[in-house]
Amino acid sequence: MQTMTLSEIEQLRVECRALVAKQSMVSGAIAIVPIPGLDVGADVAIMSRMIDQINQKFGLTPAQIEQLNPLMKQRVFVIVSSLSSSLIGKYLSKELLLLALKRVGVRLVSKQAAKFVPFLGSAIAAGISYGAMRMLGNAHIDDCCQVLIQLQGNTTFEHETTARDI
C-alpha cells in the first residue's frame, strides 16, 4: 500500500462520492417500478458492485489486503475492527449487504409496503432507496478514508461538510 497525502485521500473521497451518487440514482430509479421485491435484489447487486469499487479504489479489497506484508495487514484489520466496519476487506455476501442496509435504517418491509400506495408509493420507495444507498456508500467511503489516514499515522479525518455530502 503506497503512502498517500491527505489531499490524495480527499480526491479519492470525492471520486467515490460521485460513484455513490450515480449508483444511488440507479437504485432510486429501479425502486420506482411498482413491483414489490424487484428493487431489493437490485439494491443488493448495486451495493455489492459499489462497495467493491470503493474498496478497490482505496486498496482495501480482500485480495489487495492479502498482498500486504503481515505487519501492515494486521494494522489494517485493527483499524477496520476499531471502526466496526463490516464491508472493508471482506468478501461481500447477500447476507452481509442486507445487514449493512438494516444498519443504516432501511426497513425493507416499509419500502415494499410503500409500493402499494397508489402514485406516491413508488416515489416514496425511490426516495428510501436513494437515501439508504447514498448514506451507506458515503459512510463506507468515510471509513475507507479513516483507514488510510490512520495507516499514514494521522488519527482522524475531518472534511468540510457541503451540500453534496447530504
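**Helical architecture and side-chain contacts of the predicted model**

Of the contacts between residues at least 6 apart in the sequence of the chain, 76% join residues at least 24 apart. The model described here is predicted. The chain contains seven helices and zero strands, and its elements follow the order α-α-α-α-α-α-α from the N terminus. Of the 166 residues in the chain, 43% are buried. The accessible surface amounts to about 8,800 Å², and carbon and sulfur atoms account for 63% of this area.

The largest nonpolar core comprises 33 residues, and Met50, Ile54, Phe58 and Leu60 have the most contacts inside it. Two or more residues are given to this core by each of helix 1, helix 2 (38-58), helix 4 (70-82), helix 5 (94-103) and helix 7 (120-151). Helix 7 provides the largest share, with nine residues.

Ser24 is located in helix 1, which spans residues 6-32. With a relative accessible area of 0%, Ser24 is buried. A polar atom of the Ser24 side chain lies 2.8 Å from the backbone oxygen of Val20. When neighbours within four places in sequence are set aside, the contacts of Ser24 are with Tyr130, Met133 and Arg134.

Four salt bridges are present in the structure. In one of them, Glu10 pairs with Arg13, with the closest N and O atoms 2.8 Å apart. Both residues belong to helix 1 and are separated by three residues, about one turn of the helix. Glu10 is partly exposed, at 23% relative accessibility, whereas Arg13 is buried, with a relative accessible area of 1%.

A further salt bridge joins the side chains of Arg17 and Asp142, at an N to O distance of 3.1 Å. Because Arg17 lies in helix 1 and Asp142 in helix 7, this pair ties together parts that are 125 residues apart in sequence. Arg17 is buried, at 9% relative accessibility, while Asp142 is partly exposed, at 24%.

The side chains of Lys73 and Glu66 also form a salt bridge, with 3.1 Å from N to O. Here Lys73 counts as buried, at 18% relative accessibility, and Glu66 counts as exposed, at 54%.

Notes. Residues are numbered from 1 along each chain as its sequence is written. This is a predicted model: local features need pLDDT of at least 70, side-chain atom pairs count only at pLDDT 80 or more; totals for chains, interfaces and linings use all residues. Side-chain values use heavy atoms; hydrogens and water are left out. Helices (H or I, at least four residues) and strands (E, at least two) are DSSP runs, numbered from the N terminus. Buried means under 20% relative accessible area, exposed over 50%, partly exposed in between (1.4 Å probe, protein chains only). Contact means heavy atoms within 4.5 Å. Accessible areas come from the Shrake-Rupley method with a 1.4 Å probe; for residues, only the protein chains shown count as cover. A polar contact is a pair of N or O atoms within 3.5 Å; within protein, one must be able to donate a hydrogen and the other to accept it, and residues adjacent in sequence count only if both atoms are side-chain atoms. A nonpolar core is a set of buried Ala, Val, Leu, Ile, Met, Phe, Trp, Tyr and Cys residues joined through side-chain atoms within 4.5 Å.
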